[in-house]
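Here are a few notes to read alongside the model. Please keep the 3D view open and turn it as you go through the points.

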Amino acid sequence: MFGKKKKSDAQPTVAQAGANIAPDVVEQIRVMPERFYLAPRSRSNKTFLLVGVAVIVVGLLTAVALAIWKFGPAPVEQEAPLPDSSPALTPTPEATVPPIAEPTVAPTAEPTIAPTVQPTETPSPSPTPSGPSGASDEDNDGLSLDEERLYTTQPTVSDSDGDSYSDGDEIRKGYSPRDPSGRTLVADGLFTAVATSGGFRWAFPTAWLAQESTEGGVATVRLDTKTGETMVAERHPMSRLSTLLQRWGNPQVLEFSANGVAGARTADAIPRYYFVTPDKSAVVAVTYATGSSPSFSATFEAIIGTFRWGP
Ligand SMILES: [Ca+2]
Ligand SMILES: [Ca+2]
């Protein structure tokens, strides 16, 4: 094959061409430059060279393109994990938030408000009716509810110790309403006997508080019932007796005597008492400063019954 091509590629000379051609034509051919009759052969060779070079260039470009395409997926794979990670972050907060917020708020607010309001409003009305009942006497035994509490007697039983004497009668005469054997208030520990700076002795409920003071020549002993009421004993010079009676409104005065001690008392529902000293130099006034409804009238009478002169 290659041999045939070499024979055909061999360029013909003018003499060979003129073998079958007229002599005048041969002369014209000889005058013409060779490129007019030999150019086609040389141009075809150049065309093959250009085609070969083009094929090589195209092959190189194709190889480069394949190489770029082969190593190109690298950035594509980097973009792929990004969308995978982003959807992972999105569902996480959505699933975490709703279950935590809803159960925490609901149970905390409801049980806290409900029990706080109900117990606060319920016990409020109960202390209101117990206030005015402090001076009440449900069992009509002569002792108020405050006194029943003070002596721990039964507020609905008139004779707590069952000795046939009512609680009020026993207190007014100085006996314990809790002891059927007839012990006194002092012996039962309900009263405490005290010697005062006013020159007298008396006894009063052990649970109460006593304060002594002297001002302007007047010795004062004040008893605090712890319920807002007070009892006061004041020792004044005898010369001030008339002034004392004027301060009381010049009430009707009645003779009074208890346990060998002579004195006087006013005719008021809650009497004022005064005792003149044995040497008649001074007078001791004992008063019960009460409100509209005294709670310790029986106890006040019991205290007056314990009054004695002497240290
Ligand atoms: Ca009573
Ligand atoms: Ca009794």
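1. Start with β2 and β10, which pair in the antiparallel sense over two bridges. To find the spot, look for R201, which stands opposite R308 in β10. Please bear in mind throughout that this is a predicted model.

2. Now look at the other partner of β2. Strand β1 (residues 191-195) is joined to β2 by five bridges, and these two strands run antiparallel. Here F191 stands opposite P205 in β2. The two strands form a hairpin with four residues between them, and G199 in the turn has a positive phi of about 85°.

3. Next, the core. The largest nonpolar core has 31 residues, and V284 and I303 have the most contacts inside it. Several elements each supply at least two of its residues, among them α9 (145-151), β2 (200-205), β9 (282-289) and α12 (297-304). The largest share, six residues, comes from β9.

4. Leaving aside neighbours within four places in sequence, V284 is in contact with G198, F200, A233, R235, Y274 and F275.

5. Follow the chain on to P294, in the loop between β9 and α12. Is P294 buried, partly exposed or exposed? A residue needs 20 or more C-beta neighbours within 10 Å to count as buried. P294 has 19 inside 10 Å, so P294 counts as partly exposed.

6. P294 also shows how the fold brings residues together that are apart in sequence. P294 and D146 are 148 residues apart in sequence, yet 9.9 Å apart in space, C-alpha to C-alpha. Not counting residues up to four places away in sequence, P294 touches A135, E229, I270 and Y288.

7. Finally, step back to the whole chain. Its secondary structure comes to 12 helices and 10 strands. Of its 311 residues, 20% count as buried. Among the contacts with a separation of 6 or more, 43% are between residues 24 or more positions apart.

Note on methods:
Residues numbered from 1 in each chain as written. Chains lettered and ligands numbered in written order. Predicted model: local features only at pLDDT ≥ 70, side-chain atom pairs only at ≥ 80, totals over all residues. Core = buried A, V, L, I, M, F, W, Y, C linked by C-beta atoms within 7 Å. Buried ≥ 20, exposed ≤ 12 C-beta atoms within 10 Å, placed from the backbone. Contact = placed C-beta atoms within 7 Å. Pairing = 2+ DSSP bridges.
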